[in-house]
Amino acid sequence: MSKGICPVEPVMPTSWRKDNKPHKFCPGCGHGLVLKCLGQVVDELDLQDKVVFGCDIGCSLLAWDFFNLDAVQTHHGRTTPVMTGIKRSRPELICIAYMGDGGGYSIGVQHLVSAAARNEKITAILANNTQYAMTGGQMAPTTLPGQKTETTPYGRDPELTGFPLQGQEMVSAVCREGAYVARGSVANQRQLKSYLKKALENQLAQRGFSFVEVLSTCPTNWRTNAAETWEFVQEKMPEYFKLGETRRPADMRGEGLANG
Amino acid sequence: MFFNQVGIIMSKRIVEAYIGEYAGGKSENALNRALELAGLGRKVTLVDFDIVEPVYTLRPIQNELTARGVTVIAWKTRDTLGLGEAGTTLKPGARWALKHQGDIILDIGYGVGGARTLRLLEGADTDPDLQVIAVINISRPMTATVEDIVEQVREMGRVNALLNNTHLSDETTAAVVQEGARVVAEAAKLLNLPVVASAAIAEVAKEIGLTDCMGNPVRSINRFMQKAFW
Amino acid sequence: MTEKIIEQEKRAFLTGNEVVAWAALAAKADIMYGYPITPQNEIMHYWTRLAPRYDKRFLQTEDELSAGFTTVGGVLAGRKAFTATAGPGNTLMQEPVSMAEMLRLPIVVVIQQRGGPSTATVIYSQQEVTMTTLGGNGEGMRVVYSTSSHQELFDYTIKAFNTAWKYRFPTFVLGDGYQAKMREPLTLYDPESRGIELIKPEPYVGKPGTPGVDRAPSQFRNTYSMEEELLEIVNQYMQDYGEMAPQVAEYQVANVEDADLVIIGHGVVFRAVRAAVDNLRARGLKVGYFRPVTLRPLAVPQIKEVFSNSKKVLVVESAYGQLARLLKEAAYGTTAEFLTMFRPGVGITAEEVEAEVEKILG
């Protein structure tokens, strides 16, 4: 780290690895914000010796050595079963499956839905940036109507390719008592952090499946400046992807579903 | 009224369902029984009631059985698709098998359902002649001990009798069968059930004699199922 | 609950799939992950019946991709994990196996081959040889044992766990639908009572201590940015594989010294080959057999020797040349006439092999 440019070392979660920072995500990428919230939660819950962190293929793979946590980078869409396999073998470990919307809602959707239906006691975190970023910005299940991507060069036409997949609602629909399901956003980190914390606490309490979709940013592929990026994630995306909690175990502390 | 060598009352309709552990010898005993009865000049219908693996049981040797006077209700190879994966596994005619005249021998397939498979058979509850016979081979690890047999037979549901089918394929000796006879008889006593017979391949059966060491009849059987795979 | 699984050696009468379940127990496997497909289903049926008695676990997954990747997870967690599949399931299984190759994960996969291509048949085939030995987008960094009897299914399933954990390459036991459903006696035994040491598993992740505090984090990836970086890894793995090969490769050979013709077959077909050689010898024909037990790695020096010392070699398989293709590579540079008897997806009897040999030797 170049101390010449930044004389004061930024505050990083204890569970982050410092030796390989700054991280490799693009400027303005939402992953860093999600992983910061996650790192803080791991710190607060004192889980550094218990977590196994799994990440998918896509930009999320860059998180493979992000933390001072045992970690494995898996195949595209397969992080959910790998973490399920670990959890089933070693229930004492806290297993986090980190993926993008392509991995979770497209190529690995059967794994995500099935893990939710079985109430696997793992925590899945899905960053939704409305397209496939690492492969160069193709349409994803989450691409908004009219949104231009490399495979929808004239904008996504729902007549041809359907409407954005409401993945969090889909997961929520197959979950049962004991599951925690929420959708947060990098635009509201305090809320996001509280969702991630509950998602991990739920696994710690061995209640059931925990899932947090995070509305995230990809200025590189969106070709947006900072203001446009923020407008997209804060204003546009929630029009299709409602923020809030949709499932919460009955015995989880706090008031009802925390929405908005 | 007269008796054959193992004491079958010739005038009475015989309805037997062979159930039991996977690979315990249900099919082999069912078809040997059917052939035995047909050999006595009786009218016999043999029913493949294996809903899990119809391919591996009676189907491939139907023609041979038919030629020997047994009416067979089972799939023909060409009639099925996917061999128990993609095809219908219960032949509709099997459901009504008890309506046939004469003796009826049912080969009930394996599965955790056990004797509950008989619910798929019309009239099973009310047929006055139906005997459900559990086939036991103590060379199979899941039914190796008295306790295992008792536990398993109790889980099967309706069972009227046990049949000792203990063998080790080509390595079977009289001692192997007799050890089975002892263990099965002890289990039968705990279950308060009769043992209908000990089954053994012809040469071993001959060596043992008409009754096994527990006084139960010995059924001499021929092995057909090896052909059934092809 | 936990007790010794096989108290004393005994002859037992089993189907092949049951043998696998008992062998996995005897090998101290911890967990099975699986998805139903004929003809391997009874491996799961018997594992699920037996597992709770010995404090073992099972997870039925949503498909074979998941079965493979959960097995990968089980191994990462430091448990002896295995799965079983066949045919189209084996096709899907190649993806998790390739990750296991890249991360050197000792997953054990039992394949009961079925007919192909596509869904095809379920009883008899050797058409998954190419896929099982060389499938996935990689270099075939796996060990494949091809069994021909229930005793071997038991022995090699136990051995597969040891090979996998010793060398850290994914390991297959390759059977077929016929072996899966066939019934024959075998001896069940406790490997440790026979002096076979069972290699203990170790965790890749979830190790003791706090990462970054007591120790470095244990982190694994299968993605590389630089070709040179990947080249170094793959070269290292292939070197490891090459060093392992002579220790792992197994074969059976008989009557080749004076043979005019050597018959080669593997798996269940080897039973017919062996019987044919016995019968043909009794009739005065100079024939021998060679049987690869490991299809990957092959016993290359021994194969070269057979192909160098024989005038004719007849490869017999229930596939259209999947074994023959492997043998051709191993025997490259030798001179024996290469004859084949391909019966894709159907059984081969000793009589059929004998007839073919008599035709050849006229």
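1. Domain bounds here come from an automatic or database domain assignment, and on that basis chain C is divided into domain 1 (10-194) and domain 2 (252-361). This is a predicted model, in which local features need pLDDT of at least 70 and side-chain atom pairs count only at pLDDT 80 or more, while totals for chains, interfaces and linings use all residues. Residues are numbered from 1 along each chain as its sequence is written, and chains are lettered from A and ligands numbered from 1 in the order in which they are written.

2. The C-alpha centres of domain 1 and domain 2 of chain C lie 26 Å apart. Across the boundary, 22 residues of domain 1 of chain C are in contact with 21 residues of domain 2 of chain C, contact meaning that the C-beta atoms, placed from the backbone, lie within 7 Å.

3. On the side of domain 1 of chain C that touches domain 2 of chain C, the elements giving two or more residues are α5 (129-134), β6 (143-146), β7 (171-176) and α7 (177-181) of chain C; helices (H or I, at least four residues) and strands (E, at least two) are DSSP runs, numbered from the N terminus. The largest share of that side, 4 residues, comes from β6(C).

4. Within chain C, helix α1 (residues 16-26) and helix α2 (residues 41-50) pack at an angle of about 45°, with their axes 7 Å apart; axes are lines fitted to C-alpha atoms, for helices over the stretch in contact, and angles run from 0 to 180 degrees between N-to-C directions. In this packing, Asn17(C), Glu18(C), Val20(C), Ala21(C), Ala24(C) and Leu25(C) in α1(C) meet Glu42(C), Ile43(C), Tyr46(C), Trp47(C) and Leu50(C) in α2(C).

Conventions. Contact = placed C-beta atoms within 7 Å.
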